[in-house]
Amino acid sequence: MTLTFDLLREPWIPCIPKGGNSSTIYLGIRDTLVRAHELHALHAQSPLTTVALMRLLLAITHRVFGPRDIPSWTALWQTGHWDAAQLDDYFGWRGCAGRFDLFDDKRPFYQVTQFRANRLPDPRPVSELVHEEASGNNVTLFDHHFDDQQRWIAPGEAARRLITAQAYTLGFGISHVYQDRQCQFADGPCARGALFLIEGDSLFETLLLNMRQYPLPNSRLPDRSDDAPAWEMEDPLADGRELPLGYLDYLTWQTWQIQLIADETSEGPRVTRVRRCMG
């Protein structure tokens, strides 16, 4: 049986609706953006995940809506919501086909199917994708799981951990030997420093308030004509890629080579292990 989990349609992004109701609802990427004006905010259990999800949504809104200049930004603000037809046109574009499926055979979202390493990484517990759970030689001070305990997580939780891991990887340790040289993990783009988020009265306003002109002339990031989010690239982990092509590449930068290992159960797919090495 072929496993599938469409991140565009399946509910997995934690959101708080407007209107004083603080209970969390889960939506797919499309509905999160289409209904952004009805939502108060994103609210994941981990603040790191909230930031990582915001970066994902910002990559999509910049790709679809720009804005190219201040009048374009103002027009979006006055409209008060994201245009569903434009989003659907983008998600239906051939460059996105299958690229938002967590378990796609050829291009699973934010993952690889073939590793650039001299050996296949061993399967590891899913706890290795988050900082707050014990794994390996991390001490079990607050979390009391051990690697030999069987654990699984649902696809939505796996997607949140995956996106967070790509943004918040910490460097230092030796990852593997590749082409006869030892390679070290690089830091994820959010791992060192502080991130500030301008908040509006709705998720739509928050996204728009945190968008910048795109493309931006004279930017520290080049915003090249071939800049694109990771899912549009044929190989976002190509050798020699040390600097992003632009803001979209930066927002979706892949720090790790990761492969989720999942099984089909009576309740649907469940992720039980993960392979990972330097990206």
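**Reading the cut-offs**

Tutor: The protein's accessible surface comes to about 14,500 Å², and 50% of that belongs to carbon and sulfur atoms; areas come from the Shrake-Rupley method with a 1.4 Å probe, and for residues only the protein chains shown count as cover. We're looking at a predicted model, where local features need pLDDT of at least 70 and side-chain atom pairs count only at pLDDT 80 or more, while totals for chains, interfaces and linings use all residues. Residues are numbered from 1 along each chain as its sequence is written, and side-chain values use heavy atoms, with hydrogens and water left out.

Student: Why is Cys190 called buried?

Tutor: Buried means under 20% relative accessible area, exposed over 50%, partly exposed in between (1.4 Å probe, protein chains only). Cys190 has a relative accessible area of 3%, so it is buried. Cys277, also at 3%, counts as buried too. Across the 279 residues of the protein, 51% count as buried.

Student: What makes β2 and β3 edge strands?

Tutor: First, the terms: strands (E, at least two residues) and helices (H or I, at least four) are DSSP runs numbered from the N terminus, and two strands pair if DSSP finds at least two bridges between them. The open sheet has the order β2-β1-β3, with antiparallel pairing. β2 (25–27) and β3 (39–42) each have a single partner strand, so one side of each is left without a neighbour in the sheet.

Student: How do you know that β1 and β3 pair?

Tutor: Three bridges join β1 (residues 13–17) to β3, and the definition asks for at least two. In β3, Leu42 is the bridge partner of Cys15. Helix α2 (residues 47–65) packs on this sheet, touching β1 and β3, and its direction makes about 115° with that of β3.

Student: Why are α2 and α4 called roughly perpendicular?

Tutor: Axes are lines fitted to C-alpha atoms, for helices over the stretch in contact, with angles from 0 to 180 degrees between N-to-C directions. Under 35 degrees is roughly parallel, over 145 roughly antiparallel, 65 to 115 roughly perpendicular, and the rest oblique. The axes of α2 and α4 (residues 84–91) cross at roughly 100° and come within 10 Å, so the two helices are roughly perpendicular to each other.

Student: Which residues of α2 and α4 make the contact?

Tutor: Contact means heavy atoms within 4.5 Å. From α2 you get Ile60, Arg63, Val64 and Phe65, and from α4 Gln86, Leu87, Tyr90 and Phe91.
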